[in-house]
Amino acid sequence: MLSLPSVPAPTAVPPIAKLEADATVAALQAPKRRRPLIAIVGINDATETTDYLMPYGILRRAEIADVMMLATQPGPVTLFPVLKVEPQATVAAFDAQHPDGADYVIVPAMSRDDDPAVLQWIKGQAAKGAIVIGVCAGAKVVGNAGLLDGKEATTHWYYLKELREKHPDIRYVRDRRLVVDRGVVTTTGITASMPVSLTLIEAIAGRDRAEAVGRDIGLANWDARHDSSSFQFTRPFALTAIGNTLAFWSQERFGIELVPGVDEVSLALVADAWSRTYRSRAVTFAATSAAVESRNGIHILPDQVAADWPATQHLPPLEREPPAKALDLALRGIEAREFAPQPSEQCRWCDFLSFCDAGQGYVASDHP
C-alpha cells in the first residue's frame, strides 16, 4: 500500500492539432452504405453496461444511421455491473439479414475476452469491410480477434499491461482518448463511448450534427486529448476501495424507477456509477416484471417488481437532466454519502466513475 502513488498533479493537455483531428474523422467515414449500419455486439453473460448502452443511445439520437444491439445467443444480455436488456437480434440473425455485413461494429468490454462466437463474428465482419471499434477494455476482445497486430492502439489504463503482454506487436499510443488505425478504433476510459460516438457522428454527418447531439447529452466539447499519466492505481483509490468493501454491513441499494421512454445514456451512467463504489448498488424497479421500452427502443428488464422505493434511497428521475448532468448529480450524491475519497484525494475524470467528481476540477459536463 505504501508503495502506491498519491493522486498525480493535474497537467495541461494540449489540444489535438486540426490535421490530426481531420485525419481521424476521415478514417472513420462510412465504407459502404449511404446510411450506415452500426452493430453493437455483446455476450449474454456480462457485457459492460456503459459500453453497450451508451453508443446505442447516442448514435440513435443523431438519426443518421441504423443501429442494432446484438448478442451471441438468444435471450437477454446481463450487463456488468448492473442492468439487463433484451438484444434486438443474435449475430446469426443479423448475418442472415445483412450478409454483406455492418459498416461499423462496436465492441464493448466483456466478462470474457476469448468468447469463440464473438471473436469469430468480429473477424468475419472485419473481413467484410466493417470498421471495428473497441470501447475501453473492449480492445482486449478486438486484440484477441487478431485485429490489432501491428497497429496503433490504446485501452483502459488498468488493462494496458495485459493487452501489451498478450499482443506485443501492438503499438501503444499515449495521451489519446481514441486511436484509429486501418479500420480499427480503440479507446481509453469507462466513458470513452461518449467522445468516440460523437466523433463517429461527425464522420458520418458532419461537425454540426455531432455538436447538436453533444449539446443534447450535455457534452459541449470533446476530442481525442488525454493525459495518460493521470490514470493509475493510487493509494487513495486503494484505501477507499478496501474500506468500502470491508464495510459490507452498511452496503445500500438505490432504486431507479424504470419508466417508458427512460433515457438509455443517463440510465447507463447513473446505474454504473452507483454500482461501482463497493458500498452501493443501483437496482431498477417497475410495477410489473414486463420489460420497459427506453427512449430509443431498448427493452430493459427490471431487477425488482415494486410500486415504489424508500425515499432516502430513491434516485431522482433520469428524464429531468441531460445525461452528463445526471452523472454529475450521481457523483455528487456518491461523495455526499462518503462512498468516495475526499475531493483532494479523488482521481481524474474517466478513471473509475465511482471515485471521480471534482477532485481535479472536472465534472462530466465540462470535461472532454
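**Questions about the model**

Student: Is tyrosine 159 buried, exposed or partly exposed?
Tutor: Buried means under 20% relative accessible area, exposed means over 50%, and partly exposed lies in between (1.4 Å probe, protein chains only). With a relative accessibility of 29%, tyrosine 159 is partly exposed.

Student: Good to know! What kind of model is this?
Tutor: Residues are numbered from 1 along each chain as its sequence is written, and side-chain values use heavy atoms, leaving out hydrogens and water. Local features need pLDDT of at least 70, side-chain atom pairs count only at pLDDT 80 or more, and totals for chains, interfaces and linings use all residues, the model being predicted.

Student: How are the rings of phenylalanine 94 and tryptophan 121 arranged?
Tutor: Rings of Phe, Tyr and Trp (its six-membered ring) pair if their centres lie within 6.5 Å; planes under 30 degrees apart count as stacked, over 60 as edge-to-face and the rest as tilted. By this rule there are five aromatic pairs. Here the centres are 5.8 Å apart and the planes of phenylalanine 94 and tryptophan 121 stand at 75°, so the pair is edge-to-face.

Student: How many residues apart are phenylalanine 94 and tryptophan 121?
Tutor: Helices (H or I, at least four residues) and strands (E, at least two) are DSSP runs, numbered from the N terminus. Both residues are buried. Phenylalanine 94 is in helix α3 (residues 91-97) and tryptophan 121 in helix α4 (residues 116-127), so the pair links distant parts of the chain, and the separation is 27 residues.

Student: Which residues do ring pairs link into a cluster?
Tutor: Start with tyrosine 158, which is partly exposed at a relative accessible area of 47%. Ring pairs link a cluster made up of Trp157, Tyr158 and Tyr159.

Student: How far is the charged end of arginine 207 from the ring centre of tryptophan 222?
Tutor: A charge sits over a ring if NZ of Lys or CZ of Arg is within 6 Å of the ring centre and within 35 degrees of the ring normal. Arginine 207 has its charged end over the ring of tryptophan 222, and the distance to the centre is 4.2 Å.

Student: What is the order of the strands in the open sheet of seven?
Tutor: Two strands pair if DSSP finds at least two bridges between them. This sheet has mixed pairing, and its strand order is β6-β3-β1-β7-β8-β12-β11.

Student: Which are its edge strands?
Tutor: An edge strand here pairs on one side only. The two that do so are β6 (89-90) and β11 (178-181).

Student: Which residue in β12 stands opposite valine 180?
Tutor: β11 and strand β12 (residues 184-187) run antiparallel and are joined by four bridges. Opposite valine 180 stands valine 185.

Student: Which residue in β5 stands opposite threonine 78?
Tutor: Strand β2 (residues 45-48) pairs with β4 in the parallel sense over three bridges. On the β5 side, two bridges join β4 to strand β5 (residues 84-86), and the two run antiparallel. Threonine 78 has as its opposite lysine 84.

Student: What is the phi of leucine 83, roughly?
Tutor: Most residues other than glycine have a negative phi, and most peptide bonds are trans. Leucine 83 lies in the loop between β4 and β5, and its relative accessible area of 4% makes it buried. Though not a glycine, leucine 83 has a positive phi of about 90°.

Student: And what is omega for the peptide bond from phenylalanine 80 to proline 81?
Tutor: Proline 81 is in the loop between β4 and β5. The bond from phenylalanine 80 to proline 81 is cis, with omega near 5°.

Student: Which residues is proline 322 in contact with, leaving aside its neighbours within four places in sequence?
Tutor: Proline 322 lies in the loop between β17 and α11 (323-336). Contact means heavy atoms within 4.5 Å. With those neighbours left aside, the residues touched by proline 322 are Asp216, Ile217, Gly218 and Ser266.
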